Amino acid sequence: MKTNTRLKQTIIIGAVVLLVAFLFTRDVKSLVKPKEETTNVPASGQLTTSTAQEISLSEVSTTGKNVIGSALATEITSLETAFKAASDEDKLKEAQLLAQKWDDVEQPVPSALYLEIIANKEETLNNWLNAGLRFMKAYDITRDSVLQPALLQKANAAYTKALNLDSTNTDAKTGLGITIVNGMGMPMQGIAMLLEVVKKEPRNIKANMSLGTFAIKSGQFDKAITRFNDIIAIKPSPDAYFYLATAYENLGKNKEAVSAYLNSKKLAANPTLSTFIDKRVAELKEKI
């Protein structure tokens with residue numbers, strides 16, 4: 001029995017990670033991305049401050065330039081030179097250019113670091129929200145187990161500062177709740193924050209998606225099904241249908257799972273995901 005449960009959990013994690021990798025790298029909107037478990041970010045424990053390392057802007061810049069091509073790398077080097085030479089008064093503008101440029105080339109780590117520089121220079125709610133959002137995007141993308149905890153800590157710090165500026169802001173509370181559940185505190189504390197957001201804003205997609213994926217990861221499939229059906233009623237998306245299908249599948253509701261998978265495939269309209277779903281659907285139909 002325990003072996004079967006463990007096998008199911010492995011399948012769940014594998015399916016979710018595959019979807020995450022697929023959807024995120026293909027810029028599917030509204031995706032909430034759960035994590036692979038790593039040795040540095042315990043799934044149910046607390047990430048201590050000593051586990052994270054500082055992020056070197058110089059190092060992540062070099063890494064980013066290695067994957068974007070020489071022309072873009074040269075352009076960014078010119079911007080970095082201008083940033084370093086700029087007066088304190090002009091550094092904000094130069095940092096904004098670099099944050100945008102790194103984001104344009106899908107390199108969220110250096111982009112987030114420049115947004116953090118901006119937020120430290122100009123401490124507004126939006127600046128800290130932007131920094132937190134970009135750090136979470138970087139955290140979701142990276143598979144670097146050393147970099148992940150540092151990114152999560154920075155996201156947590158950014159959302160904490162945003163919430164300090166406006167304790168009623170639901171974006172800040174949602175972001176902070178997600179970082180806590182992912183390792184920056186006791187998971188239930190983060191879940192309570194997300195539930196508080198949903199109570200105030202029942203149609204908040206991001207908070208609902210986070211609660212749904214956490215329900216799946218904790219094996220609460222009935223709760224996940226309710227959550228994702230509610231989300232789909234508000235705004236159907238390929239990821240919501242995929243997670244719904246995963247929850248149905250794990251309850252043995254294969255007919256419902258097939259329907260949800262096919263809806264995910266239809267909305268995503270991507271050959272790679274279609275191939276995976278077609279295989280999954282064929283396997284499930286044999287059980288119906």
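The tour begins with the whole chain and then moves to individual selections.

**The whole chain**

This is a predicted model, in which local features need pLDDT of at least 70 and side-chain atom pairs count only at pLDDT 80 or more, while totals for chains, interfaces and linings use all residues. Residues are numbered from 1 along each chain as its sequence is written, and side-chain values use heavy atoms, with hydrogens and water left out.

Colour the chain by pLDDT, the predictor's confidence in each residue, from 0 to 100. The average for the protein is 86, and 82% of the residues score at least 70. Next, select residues 24-45, where pLDDT stays under 50. Where pLDDT is low, the predicted coordinates should not be read in detail.

Switch to a cartoon view. The protein has 14 helices and zero strands; helices (H or I, at least four residues) and strands (E, at least two) are DSSP runs, numbered from the N terminus. Of the 288 residues, 51% are buried, where buried means under 20% relative accessible area, exposed over 50%, and partly exposed in between (1.4 Å probe, protein chains only). A surface view corresponds to an accessible area of about 14,500 Å², with 53% of it belonging to carbon and sulfur atoms; accessible areas come from the Shrake-Rupley method with a 1.4 Å probe, and for residues only the protein chains shown count as cover.

**The nonpolar cores**

Select Ile-55 and Leu-151, the residues with the most contacts inside the largest nonpolar core, which has 50 residues. A nonpolar core is a set of buried Ala, Val, Leu, Ile, Met, Phe, Trp, Tyr and Cys residues joined through side-chain atoms within 4.5 Å. Helix H7 (residues 147-165) gives the most to this core, with nine residues. Leaving aside neighbours within four places in sequence, Leu-151 is in contact (heavy atoms within 4.5 Å) with residues including Ile-55, Val-109, Phe-135 and Tyr-139.

A second, separate core has 27 residues, among them Met-209, Ile-225, Ala-247 and Leu-284.

**Helix H5 and its cover**

Select residues 108-121, which form helix H5. H5 has 14 residues and spans 20 Å from its first C-alpha to its last, close to the 20 Å expected at 1.5 Å a residue; the expected span is 1.5 Å times one less than the number of residues.

**Salt bridges between helices**

The structure has 10 salt bridges, each a side-chain nitrogen of Lys or Arg within 4 Å of a carboxyl oxygen of Asp or Glu.

- Lys-154 and Glu-116: their side chains meet at 3.0 Å, N to O. Lys-154 lies in H7 and Glu-116 in H5, 38 residues apart, and both residues are buried.
- Arg-280 and Glu-249: the closest N and O atoms are 2.4 Å apart. The pair links helix H14 (residues 271-285) with helix H12 (residues 238-250), and both residues are buried.
- Asp-103 and Lys-137: the separation is 3.5 Å, N to O. Asp-103 belongs to helix H4 (residues 88-104) and Lys-137 to helix H6 (residues 125-141). Asp-103 is buried at 18% relative accessibility, whereas Lys-137 is partly exposed at 22%.

Most residues other than glycine have a negative phi. Glu-106 is partly exposed, at 44% relative accessibility.

Move to Ala-269, in the loop between helix H13 (254-268) and H14. Ala-269 also has a positive phi, of about 50°, and is exposed, with a relative accessible area of 61%.

Finally, select Thr-174 in helix H8 (residues 170-184). Thr-174 counts as buried at 3% relative accessibility. Beyond residues up to four places away in sequence, Thr-174 touches Leu-194, Val-197, Asn-204, Lys-206 and Ala-207.
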